[in-house]
Amino acid sequence: MAKLIKPTMKLKQQLREAIDLLFTRGPASSSDYTRLVLHCIQSNDFNQAKRLQSHMELQLFHPTDSFIHNQLLHLYAKCGKISDAQQLFDKMPKRDIYSWNALLSAYAKVGLVEDLNSVFDRMAYRDSVSYNTMIACFASNWLSSKALRFFVRMQKDGFQPTQYSYVNALQACSQLLDFRLGKQIHGRVVVGEFEKNVFVWNAVTDLYAKCGDIDKARWLFDGMVKKNVVSFNLMISGYVKMGKPDECINLFNKMQLSGWKPDQVTVSSVLNAYFQYGRVDDARNMFNKIDKKDEICWTTMIVGYAQSGREVDALMLFSEMLRGNVRPDSHTISTVVSSCAKLASLYHGQAVHGKVILMGVDSNMLVSSALVDMYCKCGVPLDARVIFETMPIKNVIIWNSMILGYAQNGEAQEALTLYERMLQENFKPDNISFVGVLSACINTNMVKEGRKYFNSISEQGMTPTLDHYACMITLLGRSGNIDKALDLIKGMPHKPDCRIWSALLSVCSKGDIKTAEVAANHIFQLDPHNAGSYIMLSNLYAACGRWKDVAVVRSLMKSKNAKKFSAYSWVEIGNEVHIFVSDDHNHPELDRIYSELNRLIGILQQIGYNPDTGIVLHNVGEEEKLRSISHHSEKLALAFSLIKKPNGAAPIRIIKNIRICDDCHVFMKFASIAITRPIIIRDSSRFHHFFGGKCSCKDHR
Ligand SMILES: [Zn+2]
Ligand SMILES: [Zn+2]
């Protein structure tokens, strides 16, 4: 690297010294100025060019032609220095088409479309470069229709399109997915002399790929006399976009066999293809083989891991990326933060947050939103709130994350207060905002408030969705108003779906067995493979002592091949995530974990814990039942945490993929007394913050 930098550094230094000298001397000749201005262009040095211009003005130097000024103009345009370019242009004694085109390109460079138009209109004469500048500027600023209008106008005004005009016009068609016009331009390309021009031909092929005719694109690609890497890349990424990962990988192999060297764009497309295919490890192998990985590569790999449910790998790779001094963009960071949220990994989440602050991207909207979500999902809404409050600009999504975050963490009052503030600050709530406030009401059993918010959905000009109805049914059912919940379903404008019936079934107690049967029968028809509903109904029968019905439901469940979710829990110790399944037989430290758990159960029984075996379905003896619930995955996770950090004061965080059962809920309350440490469990529906024998959910589970 050092060798590469030196010559330009030297060039810049020489230039500065030459111009310093100029200022000590006084007037200079036209050829001196010409030589120096070319020197400025060569080293792309805006500052020295400005000094040169001021020297000429100081010496009242008037060049005989516009060459020197045009060169300066071009440099200013290239550096995006609009006002300098405009000022110089205004002062020029003589202007020609090059001066006008240079000014035009200055405005095009920074995308000032309005000014661009007015400069173009003021031009006394134009050439094809002027038109191409306009077309390219519009096409790259997503003003594709405007670009195409200029392409037509150019020809009307008597100018032949050049290769640049074709490429830009074709790209505009691809952007607009205007296949009809694109094909017309393709026709023109064939008739004209551009058939062998690789840039134009790539644009034609890309048009077909982007507009969905991938086979025709491939046909054109195969027929290309000259190809370059871009030709391969657009075909390869076309296959990925069309969801044809196998074709993509085939072409990639062919490309390498015929001696082409893939670039970063190729590689990231092929990585995406592997991910589409679910071949995550193949993607990783390829990734490992890349010598110089750019941030696109890293991002593709990290996002791919995260989307394939391999969050831990995503996090590991992210730290590797940082160690390699590759700067992640906000998209990568927000993906990584979301992975932390999914794992509820506060350790990694905080580490990424620290990096984010160091890199100065903490005010980025995408990143802040992900951080707010992450802290809420890790059970620390207070930290989320700090970020939320310092965000200069908020949107509804971020308000929703915060409201929902409070609701799920059992801080209903905070959620509702925040919602009221959101209204005061003139944000219009959407469907998700209402799910947030209704969940808050559910968690504290606020039926009256819940009704008020539910009614306000219509007052806001929206129709309550099935999610809102499901919330209301849960709220009414839990407060003992099963009849009202049933009435609500009957009066719904939507056809009730699984969500609705599940909500109803889950709030039925043994006194509501008739309603439970109605709800369960609907679910059996709508989603026969969902084991949860069979288990819920069978538990209700068991609670009523109706063992015959228990057997009927269980054999129905078996005949429908309904599978229970395998339940698991995980904890984070240090920077490692440990996963436990119920009755775990695989963990390397199994013996210690079970003996710690038994010790804990003994202590808890002394302070009043009584294992609740009523919920166990198995037709097994009492002792077996006891063992089965004693070994639920969250209990194992707790025991493991106590082994690893016996004297800690920090909360123990456990994440569970399904809802915590009644027995574990009681167990954790007692455990929080015995170990005098907070225990936070995130289950599939909410957070439970256990401390001093109480849970934040106030047992409204
Ligand atoms: Zn349990
Ligand atoms: Zn709870």
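The structure is a predicted model, with a mean pLDDT of 88 for the protein and 96% of its residues at 70 or more.

**The α18–α20 pair**
- Helix α18 covers residues 295–307 and helix α20 covers residues 330–343, and their axes come within 10 Å of each other while crossing at roughly 25°.
- Because angles under 35 degrees count as roughly parallel, α18 is described as roughly parallel to α20.
- On the α18 side the contact is made by W298, T299, I302, V303 and A306, while α20 contributes H331, T332, T335, V336, S338 and S339.
- Sorted by class, this contact between α18 and α20 holds five nonpolar and six polar residues, with no charged residues.

**Confidence along the chain**
- Among the elements of the protein, helix α25 (residues 412–424) has the highest mean pLDDT, at 95, whereas helix α35 (residues 622–630) has the lowest, at 65.
- Over residues 1–5 the pLDDT stays under 50, and for this stretch the model has zero contacts beyond four places in sequence.

Note on methods: Residues are numbered from 1 along each chain as its sequence is written. Chains are lettered from A and ligands numbered from 1 in the order in which they are written. This is a predicted model: local features need pLDDT of at least 70, side-chain atom pairs count only at pLDDT 80 or more; totals for chains, interfaces and linings use all residues. pLDDT is the predictor's confidence in each residue, from 0 to 100. Helices (H or I, at least four residues) and strands (E, at least two) are DSSP runs, numbered from the N terminus. Two residues are in contact if their C-beta atoms, placed from the backbone, lie within 7 Å. Axes are lines fitted to C-alpha atoms, for helices over the stretch in contact, and angles run from 0 to 180 degrees between N-to-C directions. Angles under 35 degrees count as roughly parallel, over 145 as roughly antiparallel, 65 to 115 as roughly perpendicular and the rest as oblique. Ala, Val, Leu, Ile, Met, Phe, Trp, Tyr, Cys and Pro count as nonpolar, Asp, Glu, Lys and Arg as charged, and the others, Gly among them, as polar.
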